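Below are some notes for a colleague who is opening this model for the first time. Please keep the structure in view while reading the points in order.

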Amino acid sequence: MPKPKLPEKNFEWTAKLAYAIGLITTDGSLAKDGRHIVMRSSDVQLLETFKECLNISANITETFNDGFAKKRSYRVQASMVQFYRWLLKIGLTPAKTYTIGELQIPDEYFRDFLRGHLDGDGSISSYQDYYNTYKNPKYVYIRLWVRFISVSKLHIDWLRSRIFALLGTKGHIWVDSHPTLPNRVPMWVIKFGKKDSIRLLNWMYYNSDVPCLDRKRQKAEKFLSTVV
């Protein structure tokens, strides 16, 4: 006799849930079987945080590493039928990479979702710019960039519009076509300069207890208290 179908369930939004959805949106996936949530990363700490956010007990296992990755890859796979169906309702789908667009994320938890997005596929980078030191040796500037990445331009356009609506920062959209790498599709990028990046970082890391990838937070910490 077949098992009874589980009823539909709505999940209560929390900072942890929104962060986990940001990770699923970037580095995670919905399996085609209609029940499994899969999360992949080269950072075990990120997977541990993901498990804690969704109360997952499944083990972290090493997984196949494609030819482009330099680090070992790991993954968590959990059977979560009701959560899977709920994710479909808010806009996630199996094989979402090229088709993902707008997601139904409450404004109150968007910055938590965005932090998960950053930890999944985004980046924080900084460097010292010596370009104008030929004019004056004191002209050394600290450059800071925050980037969000997706293969789907529709998703990047939506992401940018929500950041602008909630924080007032636009950023700049550009496409990285990977001219030197064979068989790679273009990647759409929202790039924020130093002033806007500092606003974003302070907004996303609003207290010391938020779930996040530790190494990215450590990179951002020296900018978090900077006054714009």
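Is Phe11 buried, partly exposed or exposed? Phe11 is partly exposed, its relative accessible area being 22%, where buried stands for under 20% relative accessible area, exposed for over 50% and partly exposed for what lies in between, with a 1.4 Å probe and protein chains only.

1. Basis of the notes. This is a predicted model, in which local features need pLDDT of at least 70 and side-chain atom pairs count only at pLDDT 80 or more, while totals for chains, interfaces and linings use all residues. Residues are numbered from 1 along each chain as its sequence is written, and side-chain values use heavy atoms, with hydrogens and water left out.

2. Aromatic pairs. A search of the whole structure gives eight aromatic pairs, a pair being rings of Phe, Tyr and Trp (its six-membered ring) with centres within 6.5 Å, called stacked if the planes are under 30 degrees apart, edge-to-face if over 60 and tilted for the rest. The pair of Phe11 and Trp86 is tilted, because the ring centres are 5.5 Å apart and the planes stand at 55°. Phe11 belongs to the segment before helix 1 (15-26) and Trp86 to helix 3, so this pair ties together parts that are 75 residues apart in sequence; helices (H or I, at least four residues) and strands (E, at least two) are DSSP runs, numbered from the N terminus. Trp86 is buried, with a relative accessible area of 5%. Ring pairs also link Phe11, Trp13, Phe83 and Trp86 into a cluster.

3. Which geometry do Phe113 and Trp158 show as an aromatic pair? Their pair is edge-to-face, at 6.0 Å centre to centre and with 65° between the planes. Phe113 lies in helix 4 and Trp158 in helix 5 (residues 153-167), 45 residues apart, and the pair thus links distant parts of the chain; both Phe113 and Trp158 are buried. Arg111 lies over the face of Tyr206, 3.8 Å from the ring centre, and the charged end of Lys170 sits over the ring of Phe164 at 5.4 Å from its centre, the criterion being NZ of Lys or CZ of Arg within 6 Å of the ring centre and within 35 degrees of the ring normal.

4. Strand 2 and its partners. Strand 2 (residues 36-41) is largely enclosed by the rest of the structure, because five of its six residues are buried. Strand 1 (residues 28-30) runs antiparallel to strand 2 and is joined to it by three bridges, where pairing of two strands requires that DSSP finds at least two bridges between them. Strand 1 and strand 2 form a hairpin with five residues between them, and Gly34 in the turn has a positive phi of about 80°. Strand 2 also pairs with strand 4 (residues 73-79), in the antiparallel sense, over six bridges. Val38 of strand 2 is the bridge partner of Ser29, and the bridge partner of Val38 in strand 4 is Gln77.

5. Helix 3. Seven of the 10 residues of helix 3 are buried, so the helix is largely enclosed by the rest of the structure; among them are Phe83, Arg85 and Trp86. The buried residues of helix 3 pack against helix 1, strand 1, strand 2, helix 2 (44-54) and strand 4, with contact taken as heavy atoms within 4.5 Å.
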